[in-house]
Each structure stands twice: as structure tokens, then as C-alpha cells.
Amino acid sequence: MVAVAGILAATLATLGSFGLLSLFGVKYVNILGALPFLVLGIGVDDMFLLMSAWSETIHKTQLTVPARVGQTFAGAGIGITITSVTDFVAFLVGTGSVFGSVTNFCLYAGVAVFFCYLCNIRANNTFT
């Protein structure tokens with residue numbers, strides 16, 4: 001279920017990014033067709049961190065499922081935060097490009113990374 005949640009977080013982040021920035025009138029450029037694959041890669045990275053932290057709690061049979069999920073996010077949270085912040089900052093820097101298509105791509109990607117991070121944080125608040 002954690003793996004499915006990671007893919008779902010990436011999908012929701014991509015859709016949220018397209019919806020929000022389209023609402024604000026940011027122009028769609030053709031290169032944005034590659035964005036779902038980029039965000040899926042970031043989401044899968046987060047999912048691998050979560051799955052690794054989950055496997056560390058497998059021997060703790062006295063814990064309830066919500067407690068195990070809490071420990072999972074406590075262990076993987078710093079890794080997810082670091083990767084998301086560095087990706088977000090990289091795309092934020094990319095918005096300063098003189099090329100309009102690169103600027104728009106970086107805007108969409110930065111918002112998608114932020115939304116993917118929010119989806120993971122929301123899952124943490126739901127289970128703990």
C-alpha cells in the first residue's frame with residue numbers, strides 16, 4: 001500500500017500542478033509532456049525511502065499499524081524533505097531562465113514537487 005500511495009502522490013501532484021498553474025494562466029508548453037515521468041521518478045524515490053523505513057519496523061510486532069506508519073515516516077521524513085527541498089530549489093532557480101519554455105517547465109515542476117511533498121506529509125498526519 002505504501003508503494004501505491006507513492007505513485008498516487010506523484011499522480012495527484014502532477015494533476016494539481018497542471019490545474020493550479022493553468023488556473024493562473026501559465027502557458028502550457030510541449031515539454032510539459034515529460035513532467036509526469038519526472039514527478040513519478042521523484043515520487044518513486046520517496047516511496048523507496050518509505051519502503052525502506054517500513055521494512056525496519058517489520059520485526060516490531062508489538063506495534064499497531066498506525067504506530068508502525070508513524071515510525072516509518074519518522075525514519076524516512078528527513079530523506080524525503082531533503083530530496084524535495086533540493087529539487088524544489090533547483091526548479092526555482094530554473095525559473096530564472098531566459099527561455100520561456102524552460103521557465104514554464106520549471107514552474108510546473110517546482111509546484112509538482114511541492115505538491116508531492118505535501119501529499120506525503122498529509123499521509124503522515126492521517127496515519128499518526
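The UniProt annotation "transmembrane region", from an unreviewed entry, covers residues 29-51, 72-92 and 98-119; its positions follow the numbering used here, and such annotations may be inferred rather than shown by experiment. The structure is a predicted model, in which local features need pLDDT of at least 70, side-chain atom pairs count only at pLDDT 80 or more, and totals for chains, interfaces and linings use all residues. Residues are numbered from 1 along each chain as its sequence is written, and side-chain values use heavy atoms, with hydrogens and water left out.

In the annotated span 29-51, 74% is helix and 0% strand, with end C-alpha atoms 35 Å apart. Helices (H or I, at least four residues) and strands (E, at least two) are DSSP runs, numbered from the N terminus.

Helix H2 comprises residues 35-55, 21 residues in total. From first to last C-alpha, H2 reaches 30 Å, close to the 30 Å expected at 1.5 Å a residue, the expected span being 1.5 Å times one less than the number of residues. Buried in H2 are Leu-35, Val-39, Ile-42, Gly-43, Asp-46, Met-47, Leu-50 and Ala-53. These residues cover an arc of only 145° around the axis, which places them on the same side of H2; the arc is that of the directions from the helix axis to the C-beta atoms. On the other side of H2, Phe-37 and Phe-48 are exposed. Buried means under 20% relative accessible area, exposed over 50%, and partly exposed in between (1.4 Å probe, protein chains only).

The span 98-119 is 91% helix and 0% strand, and its end C-alpha atoms lie 31 Å apart. Thr-103 belongs to helix H4, residues 100-127, and is buried, with a relative accessible area of 16%. Leaving aside residues up to four places away in sequence, Thr-103 touches Gly-94, Thr-95 and Ser-97, contact meaning heavy atoms within 4.5 Å.
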